[in-house]
Structure formats: structure tokens, C-alpha cells
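Me: I would like to go through a structure step by step. Please show the sequence and the model.

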Amino acid sequence: MQCQDTLDCNSWLILVQMRLLAEWLVRKTRLLTIALSSKLSLSNSLMYCATTIACGASGTAAVKYGTMRENVLALTAVLPPTKILSSHSAAFSDIARPDIVHCGSTALKSSAGYNLTALLTGSEGTLGIITDCTVKLHPIHNNVIAAVCAFDDLHTAAEAVTTIRMMGIPVSRIELLDEMSVHAFNKSLQCTERSEASKEKDSKLQLQPMELKPTLFMEFSAHSEEAVLEDLSAAQIICVDDFDGTNFVSASDEETRQALWVARHRLYYSSIALRSGDGEQEGATPRSTLLTDACVPLSHFADILSATARDVKELGVVGPCFGHAGDGNFHCIMPMVESDTEDYRKRVFQVNENLIRRVISVGGTCTGEHGVGYGKKKYLERMYGKGGIQLMTSVKKALDPWNVMNPGKIVDV
């Protein structure tokens, strides 16, 4: 097989075999792309690829590999119609095929013309329908070590993250969970309604409740054992010696690495389960949960994340806070139930409003990876001013004059 550094994904041919392809890439070539996931079902993998490109999304490995914006080299998209004719129109039979645009190239860099690939990536389906793409492939290192470390307070833990990044220590993933997030995981281990398969898996991993402190999750990978151990040692010195971290634990075998990271992987549903039903009342669901998403410069990460966790406590809402700490991206998961009072719901949304206000004030963004959609349009003018909104509106009108592509998202026209 000829080794390549890109992968062409046709949405009708290759994507239908996405999960098998992802597994084959990892097994045969030791290459990966953030656009594919072998851990998702086939249908979820299809949606995952489409939504990550449309939203410019990312995940826990973005600190090393970048977001979808940095990983999409080229794409093809079907543009919106420039004219709409009824079937009674005399010109109806002369309607041409939809305009199709090809953007970018398979080269790893290009200075040719406007960056249309970047324009369509993250456009949330408002400018066209992406039908295929070319994404980067990254080598998978054989030497991988995972580590966790607990801290006495959230601000100190976040400062440790910033220092690790500023010192240039290469991390593959670095995630931070606050105290309520750890509590959510510990409570999930006590749940008696889990399936037998889930209980058996937990038993195999020998999962135990974690110390109820803000906890940092790290992963390091390198081309040699010496290199990865050097990175681990440098991070440990910062966490333990400089920021008084405790219970620093690391592991290189895959099963133990999974056990160390399981609290992070289960955080979303563990957090929603904090407001589970009591038999008579239905509990929170993903649809009834507000999941915030913001990103700040690393120099402000500790202050903004701590302030958000403080808001959650002072306003008396349930809201575990956690972050893709390595790039300043963080979330707060606030589950709600049908019986919540209007006052409680106002407090939940107040947490989000305070968060966005602080984030924009320090030069951050109202969304780091989830997108604008309908709910965050009101924040864009604060970020870009009227001139920025007018420019985005002009682009929308030029490419979609009839406003048929996801009308009402990102900008109003």
C-alpha cells in the first residue's frame, strides 16, 4: 500500500463503511483521522463526520491534532439555488443541475485564492451541503501513557494546565474535571439500574470512587518510550512540585489507561444522571439539559472556569464544569427536569449568560466547538461588531439568496 497523508471521504461511497474504515486505518496503517471514529455505530459515525465538518467541531484530541477546521484540506459542496421556479414555469424544464463547488486541494498547504474550504467548514449547513471531503491523516504512536492528578482547588488545577502548555510539553489530551464532575462519576458507580454488561465492564476495570477533588486527566504519546517518559516527568513536576497536586498516577497498558480516563469519558451521562427521576418524577434527559460551550485564551482559562463553577454554586444549580483544558475550551452541563420552577430555570440560564459575558470580555468565543445555531446568534455582534455581522449577512445573501439553507441559523437575513 502506498502511504498517503490525506484521506478522501465520499459521503455516498466511503462513509457508508466508515466504522470499518476507521478500524482498518488504525490496524493496518497506524494512521488516524479525527473525522472517523471506530467507537461509534455506523449511523452515528455518519452523523459525526457531517456535523464535525459543518460545525468546525473537535474533541479531546484537538490539543494535539487541531479541530476539523485544521484537518479538512478540501471538500465538495452543493450550493443553494439562485432561482426557484414552479413546475408551471415555462423555464422549468431548462433548470440546470445545482451548482457544485470544489474547494481546496490534497496538498498540506495552499495560497491559491480565497479559502473557500474554511468558509464552508463551520458554516452549519447555511451555505451549502458538503458531499465529500479530504482530511488529514495522523500517525498513531506506539508509546502512550495516561495520567491523572488531583488538586485542592479548581483554579490551581487550571493554572497547572496553562503552565504545562506554556512550557511546550506535548500532550495528546489534557482534560480538567471540577469537584461536581467527580461527584457525578462516583455516584454513577453506585447506580443499581445499570445493565449487567456495564457492571461487568466496571468490575473488569476495577473502578473505584475517585477522591472528591478537581482532577486533571492527561495523555502523552511519542515515537519512543524515552520521549514519552520525559514528557510525563516534566508534567508531573509541574503538577506536584509547582502546584501541589496529589495522587499523581500514570499507566501505559491500555486497560489501566481506560480505567484512569473512564470518569472523563462518562461525564456527560453521569452529569445528567445527577438529576435522575425518583420513580414518580421523570429525570433529566439530554434534550432537557443545557450544555454550555465557550473557549478563552489560556491566560484567562483558570479565572473564567473558576468563576463559572462559583456561579453554579452560588446560584444553587446542578452544573458540573469541565474543560478541554489544553486549548481553553470548557463546558458546564446543567440538567433540568419538568418540575423545575421558573426561578430555577432562570438561574440555569443566568450561569450561561454570565459565562458568555466573561468569555467575550477577555477576547474569547461564545462557542469553541458546538457552533452558533439559533441560540448564540445574539452573542455574535458582541464578538465581531455590526461590521462583522453585516459581512456574514452579505456572504449568506450572495450564496443563498432565497435563504433555503438552515434559515435563521448564525445570521438573520
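Reply: This is a predicted model, in which local features need pLDDT of at least 70, side-chain atom pairs count only at pLDDT 80 or more, and totals for chains, interfaces and linings use all residues. Residues are numbered from 1 along each chain as its sequence is written, and side-chain values use heavy atoms, with hydrogens and water left out.

Me: In which sense do β7 and strand β10 pair, and over how many bridges?

Reply: Strands are DSSP runs (E, at least two residues), numbered from the N terminus. Two strands pair if DSSP finds at least two bridges between them. β7 and β10 (residues 246-251) pair in the antiparallel sense, and the number of bridges is four.

Me: Which residue of β9 is the bridge partner of Ala147?

Reply: β7 also pairs with strand β9 (residues 215-222), in the antiparallel sense over eight bridges. In β9, the partner of Ala147 is Met218.

Me: How many of the eight residues of strand β7 are buried?

Reply: Buried means under 20% relative accessible area, exposed over 50%, and partly exposed in between (1.4 Å probe, protein chains only). Strand β7 (residues 143-150) is largely enclosed by the rest of the structure, because the number of its eight residues that are buried is seven.

Me: Is Tyr269 buried or exposed?

Reply: Tyr268, at 28% relative accessibility, counts as partly exposed. For Tyr269 the relative accessibility is 60%, so this residue counts as exposed.

Me: How far is the charged end of Arg173 from the centre of the ring of Trp261?

Reply: A charge sits over a ring if NZ of Lys or CZ of Arg is within 6 Å of the ring centre and within 35 degrees of the ring normal. The charged end of Arg173 sits over the ring of Trp261, and its distance from the ring centre is 4.0 Å.
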